Amino acid sequence: MEASGSGLQAAPETEKFLCEKLLDQSQPIAERYRALFALRNLSGPAVRDALIQAMRDSSNLLAHESAFALGQMQDVEAVPALERILQDLSLHSIVRQAAAESLGVIGLERSVPILKRSLDSDPAEEVRGTCELALRRMEEKASRGQVSEAPSGVPSPFLSVDPALPASDVSSIAQLRKVLLDENESLYKRCAALFALRDHGGKEAVNAIIASLGAASPLLRHEVAYVLGQLQDKAASAALSAILKDINEHLMVRHEAAEALGSIADQASAALLKEFTRDVEPIVSQSCEVALSMLEFERCGKSFEFLYMQTPQVM
């Protein structure tokens, strides 16, 4: 395997195996997720087509993650398919939300009218909010006029393309915390503060991020849970566990809390995740299954997404 363009190159038989595994609905969700994670490190038409097809999978969780992956891969050729997903109100809001986010991080001008239309008309708050973030991100990136999206010019240590660029107009943790926790501040500025706090790191920053799990916006809470999973700080375990247990919490937030607990990987988290693999909501129960699988691979010192890439696989 070798680096090539924006992704890696795998043997044709490995790529074919991964695409088939992703789309095989008879496979356990954790196995399909592993295939998806591996494909996200590749590129090319076969990978793109598999992910596009998976955006209409019967598993809303897998469909959501496939839409998200296309944005992380910065796949310009996937934009028309992502636009169709965003506009298809027959699909679960969590799938449309991921499509909107991916359109924002890819950032083509052609997507602006569609994002504006969904901002005005989509029935789901989380989709409208994501369209708002996407449009604001595109404006912000254009105004910065620099190759690096990081204000300092130093790339973030976290390998993700975020729905808001890290804040560039405030620097101290105290200032960032104030913005993040301000319910009167715009969603974009609060997310920008969140990602700046994540990149800053340290106990004070983590505590500020945990405090923002009480935000009124479910979209912001979902981003906060995602960031806490990236940080893998055990100080967040109790707050994330409370979110997973809360059946009245938004599915998108519970989903991210479950996966974050899998990343944190402590004993209490594992027990809770096992309990909630029986949750009545498939998005939550499947997230717990995936999280447990990720946790197990981490405990064994193996990479969840790259295990498939080590040797050619046979169906």
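Analyst: Helix α4 (residues 60-72) and helix α6 (residues 93-106) pack at an angle of about 5 degrees, and their axes lie 8 Å apart; here the axes are lines fitted to C-alpha atoms over the stretch in contact, and angles run from 0 to 180 degrees between N-to-C directions. Because angles under 35 degrees count as roughly parallel, over 145 as roughly antiparallel, 65 to 115 as roughly perpendicular and the rest as oblique, α4 and α6 are roughly parallel to each other. On the α4 side the contact (heavy atoms within 4.5 Å) is made by Asn-60, Ala-63, His-64, Ala-67, Phe-68, Leu-70 and Gly-71, while α6 brings residues including Ile-94, Val-95, Ala-98, Glu-101 and Val-105. Sorted by class, this contact has 10 nonpolar, 5 polar and 1 charged residues, where Ala, Val, Leu, Ile, Met, Phe, Trp, Tyr, Cys and Pro count as nonpolar, Asp, Glu, Lys and Arg as charged, and the others, Gly among them, as polar.

Before going further, please note that this is a predicted model, in which local features need pLDDT of at least 70 and side-chain atom pairs count only at pLDDT 80 or more, whereas totals for chains, interfaces and linings use all residues. Residues are numbered from 1 along each chain as its sequence is written, and side-chain values use heavy atoms, with hydrogens and water left out.

Helix α4 also holds Ser-66, which is buried, with a relative accessible area of 0%; buried means under 20% relative accessible area, exposed over 50% and partly exposed in between, with a 1.4 Å probe and protein chains only. Setting aside residues up to four places away in sequence, Ser-66 touches Leu-36, Leu-51, Ala-54 and Met-55.

Although Ser-287 and Leu-61 are 226 residues apart along the chain, their C-alpha atoms are separated by 7.4 Å. Beyond its neighbours within four places in sequence, Ser-287 is in contact with Leu-61, His-255, Ala-258, Glu-259 and Pro-282.

Buried residues make up 55% of its 315 residues, and among contacts between residues at least 6 apart in sequence, 69% join residues at least 24 apart.

How values were computed
Helix = DSSP H or I, 4+ residues; strand = E, 2+ residues; numbered from the N terminus.
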